[in-house]
Amino acid sequence: MIPSYTTAAILTAPRGAIAVTSVRVAEPGTGEVLLRMEACGLCHSDLFVASLEKLPLIPLTLGHEGIGRVEALGAGVEGFAIGDRAGITFLASTCGACELCLTGRERFCPRQLNFGYTVDGALAGYVVVPAPLLVRVPDTLTAAETAPLCCAGWTAYGALREAGLRPGQSVALFGMGGLGHLAIQYARHLGLRVAAVDVSERKLEMARSLGADLAVLAENAGRTLQKQWGGADAAVVLTGSPAAIQAAFRSIKRTGTLITSGLSTNQYELPIVDTVLKGISIRGSYLGTRADLAEVFRLAETGVGRAHIERHSLDETPEVFEAMRRGEILGRAVVVF
Ligand SMILES: [Zn+2]
Ligand SMILES: [Zn+2]
C-alpha cells in the first residue's frame, strides 16, 4: 500500500534551514517508481545546494546518495520489479538525445535534472522517482554501506580515472572525507602510490590506516611532496576548497595533472607562469561514466571501496549537516530508515 505521507529532510528556503517534516507521497506516474528508502548518505554537495542563492524547487527534499526498494511501479517502467533494490545518484534524468547523451557523457547533458537539487531527493521514507537512471544495486551489500558509493564512491573513482594514471605512478588526494577515504582504496587498487592530504590530523590517521603511503597536513603538502616524491604525477582535489586546489597545484610535478571534483560557489586563483612553463593540465571531473559506477559496485562486492560510515536517524539530519559543516564527520554520515 502506498502511504499518503512520509517524513523527509527538506531545505525550507534558499540558504534556509534544513528541517525534518511530513510531505505527501505521490502515485508513481509513467516511467516512475515508488521507492521505500533503506539508506541515504549525506554529502557536502547537499550543503552546496543549501548554500545557493536561487533554487528551482523549494521546499526541496535533499539527498542524492540513496538505496531503496521498489514498492510500486508506474506505467511503462522496464527493468525493475517490485522488491528490487535501486540506487539514487545525483543524476535524475537527462535528455537522451544530445551529443553528450549519445556518447556516454550524459552527466554533462545541459538538460539534466538532479536529485536533491532540481527534483526532490532521497532523504525521505518514500520517494517517487524517474526510473531510467536508477542504478541496479547488488543485494549482497548492506544499504548503509552501499549508499555512499552512489555519489562519494562514483565521484572519487571517476576523478581518479580522469587523472589517466598508470600503475606505479603517484597521486595526491586532497580532502579525506567521504570521497577521500574511498579514493585511497581505489587508488591502491589501481596500483598507484598514494598521498593523502587534509587539514585534520584525525582524518590523516584514518588515511594511514587505509594504506596511504604518505599522509600530510595541507599546509605542508606542496613542500613535502616535492621533496619526497619530486611532486605527484596527479593531484585530485575532492573538496571545494580553493586553498586545497592551490596546495594541490604546488604538489604536482612538471607536466602533471590537477583534477578538481568538489563543488563550491568560490573562485580559485592559480599562477599562470607555472601552469604554462610546467605544462600543467587542469581538469574538472563530475561524477563518472556509467561504467565507472558499475565498477564501483563490482569492487565493493570484492571488498574494495568500503565506506566507513556513521549511522543516523532521519530526525538527526539537521544536526549531522551542522557537524559536516564543522568538518567533524569521519568517513560518511548515512541516514538509515
Ligand atoms: Zn554528492
Ligand atoms: Zn542530453
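Select helix 8 (residues 242-251) to begin: its buried residues are A244, I245, A247, A248, F249 and S251. This is a predicted model, in which local features need pLDDT of at least 70 and side-chain atom pairs count only at pLDDT 80 or more, while totals for chains, interfaces and linings use all residues. Residues are numbered from 1 along each chain as its sequence is written, chains are lettered from A and ligands numbered from 1 in the order in which they are written, and side-chain values use heavy atoms, with hydrogens and water left out.

Some terms are needed at once. Buried means under 20% relative accessible area, exposed over 50%, and partly exposed in between, with a 1.4 Å probe and protein chains only. Helices (H or I, at least four residues) and strands (E, at least two) are DSSP runs, numbered from the N terminus. Contact means heavy atoms within 4.5 Å.

**Around helix 8**

Now display the partners of helix 8. Its buried residues pack against strand 11, helix 7 (218-229), strand 14, strand 15 (252-260), helix 9 (272-277) and strand 16 (281-284).

Next, select S170, which lies in strand 11 (residues 170-174). S170 has a relative accessible area of 1% and is therefore buried. Beyond its neighbours within four places in sequence, S170 is in contact with L165, R193, W229, G231, A232, D233 and A234.

**The nonpolar cores**

A nonpolar core is a set of buried Ala, Val, Leu, Ile, Met, Phe, Trp, Tyr and Cys residues joined through side-chain atoms within 4.5 Å. Select L160, V171, L173, I184, Y186, V236 and F297, the residues with the most contacts inside the largest core, which has 48 residues. Among the elements that each supply at least two residues of this core are helix 4 (152-162), strand 11, helix 5 (178-189) and helix 10 (290-301). Another core, of 40 residues, lies apart from it and includes I10, L62, A92 and V335.

Return to Y186 and show its surroundings. Neighbours within four places in sequence aside, Y186 is in contact with L149, G153, A156, Y157, L160, V296, L299, V304 and G305.

**Helix 6**

Move to helix 6 (residues 201-209), where K203, L204, M206 and A207 are buried. These residues lie on the same side of helix 6 because they cover an arc of only 155 degrees around the axis, the arc being that of the directions from the helix axis to the C-beta atoms. They pack against helix 5, strand 12 and strand 13 (214-217). After helix 6 comes G211, whose phi is positive, near 100 degrees.

**The zinc ion**

Select ligand 1, the zinc ion. Its protein donors are C43 (SG), H64 (NE2) and C151 (SG), lying 2.0 to 2.2 Å from it. Donors are N, O and S atoms within 2.8 Å of the metal (3.2 Å for Na, K and Ca); water is not among the atoms, so sites may look incomplete. C43 counts as buried at 3% relative accessibility, and H64 counts as buried at 2%.

**Strand 18**

Finish at strand 18 (residues 332-336), where four of the five residues are buried. Two strands pair if DSSP finds at least two bridges between them. Strand 3 and strand 18 run antiparallel and are joined by three bridges; here V335 is the bridge partner of C40. Strand 17 (residues 309-312) pairs with strand 18 in the parallel sense over four bridges, and V334 is the bridge partner of R311.
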